[in-house]
2 protein chains.
Amino acid sequence: MDNVVQKQWEEVDKKLYKVLIFKDFQEAFAFMVRVAFLAEQHNHHPKWTNEWNKVEIWLSTHDAGGVVTEKDRSLAREINELLLVEAN
Amino acid sequence: MDNVVQKQWEEVDKKLYKVLIFKDFQEAFAFMVRVAFLAEQHNHHPKWTNEWNKVEIWLSTHDAGGVVTEKDRSLAREINELLLVEAN
């Protein structure tokens, strides 16, 4: 995904948080579709918000009482890899 | 989409707001894909949040200074129709 502007994951309020800005809605939503499949594979799902070209993602583990666990870090890494692959 | 629990649209803070609860993430995201195509058709896009089986949608018209306009009501109606069709 070319021209995506992203900040690295940061831990905010016991969640991993990332914000991404895409070219337009189609690019943003195409990314969300890929993350949706990743989330199903991991059986671990984000809370996320989209508004036009902007996607915000929060990862935390409900079963662990709403803190950041390896499940979140693993999904976060795979989301990063998705963005790297797309950039090539 | 069977078994979707939804409240009717209500105007909250100068936005049309709706919350929907689906069976699971796949059902919720399948709905979002359909709404994404509607949004592109209308060239009018929601702010929305998804968390597992829950989808929240906010519609307002940025160009009109962030109030509810016919653009929002039109998209809201088509989202309702989508849900009706799917229920049959």
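In the predicted model, the N-terminal end of helix H1 of chain A is capped by A:Asp24, a side-chain oxygen of which lies 3.2 Å from the backbone nitrogen of A:Gln26. Helices are DSSP runs of H or I with at least four residues and strands are runs of E with at least two, numbered from the N terminus. This is a predicted model, in which local features need pLDDT of at least 70 and side-chain atom pairs count only at pLDDT 80 or more, whereas totals for chains, interfaces and linings use all residues; side-chain values use heavy atoms, with hydrogens and water left out. Residues are numbered from 1 along each chain as its sequence is written, and chains are lettered from A in the order in which they are written.

Helix H1 of chain A comprises 18 residues, 25–42, and spans 25 Å from its first C-alpha to its last, close to the expected 26 Å, the expected span being 1.5 Å times one less than the number of residues. Its buried residues (under 20% relative accessible area with a 1.4 Å probe and protein chains only, against over 50% for exposed and in between for partly exposed) are A:Phe25, A:Ala28, A:Phe29, A:Phe31, A:Met32, A:Val35, A:Ala36, A:Leu38 and A:Ala39. An α-helix has 3.6 residues a turn, so residues three or four places apart point the same way. The residue that follows H1 of chain A is A:Asn43, which has a positive phi, near 45 degrees.

Elsewhere in chain A, A:Asp13 occupies the loop between strand S2 (10–12) and strand S3 (15–21) and is exposed, with a relative accessible area of 62%. Although A:Asp13 and A:Lys23 are ten residues apart in sequence, their C-alpha atoms are 29 Å apart in space. A:Thr69, in the loop between strand S5 (54–59) and helix H2 (70–87) of chain A, counts as buried at 19% relative accessibility. The side chain of A:Thr69 makes a polar contact of 2.6 Å with that of A:Thr61; such a contact is a pair of N or O atoms within 3.5 Å, where within protein one must be able to donate a hydrogen and the other to accept it, and residues adjacent in sequence count only if both atoms are side-chain atoms.

In chain B, B:Asn80 lies in helix H2 (residues 70–87) and counts as partly exposed at 22% relative accessibility. Beyond its neighbours within four places in sequence, B:Asn80 is in contact (heavy atoms within 4.5 Å) with B:Gln8, B:Trp9 and B:Lys18, and a polar contact of 3.0 Å joins its side chain to that of B:Trp9.

Superposed by least squares on the C-alpha atoms of residues with pLDDT of at least 70 in both copies, chain B can be laid on chain A with an RMSD of 0.0 Å by a turn of 180 degrees and a shift of 0.0 Å along the axis. That is the relation of a two-fold axis. Of the residues of chain B, B:Thr49 comes closest to this axis, with its C-alpha at 2.1 Å.

The contact between the chains takes 15 residues from chain B and 15 residues from chain A, and 100% of the interface residues of chain B are also interface residues in chain A, so the copies meet through the same surface. The two chains bury about 1,500 Å² between them, 68% of it on carbon and sulfur atoms, where buried area is the accessible area (1.4 Å probe) lost on putting the two parts together, summed over both. In chain B, B:Phe25, B:Phe29 and B:Trp48 lose the most area to chain A, together 32% of what that side buries.
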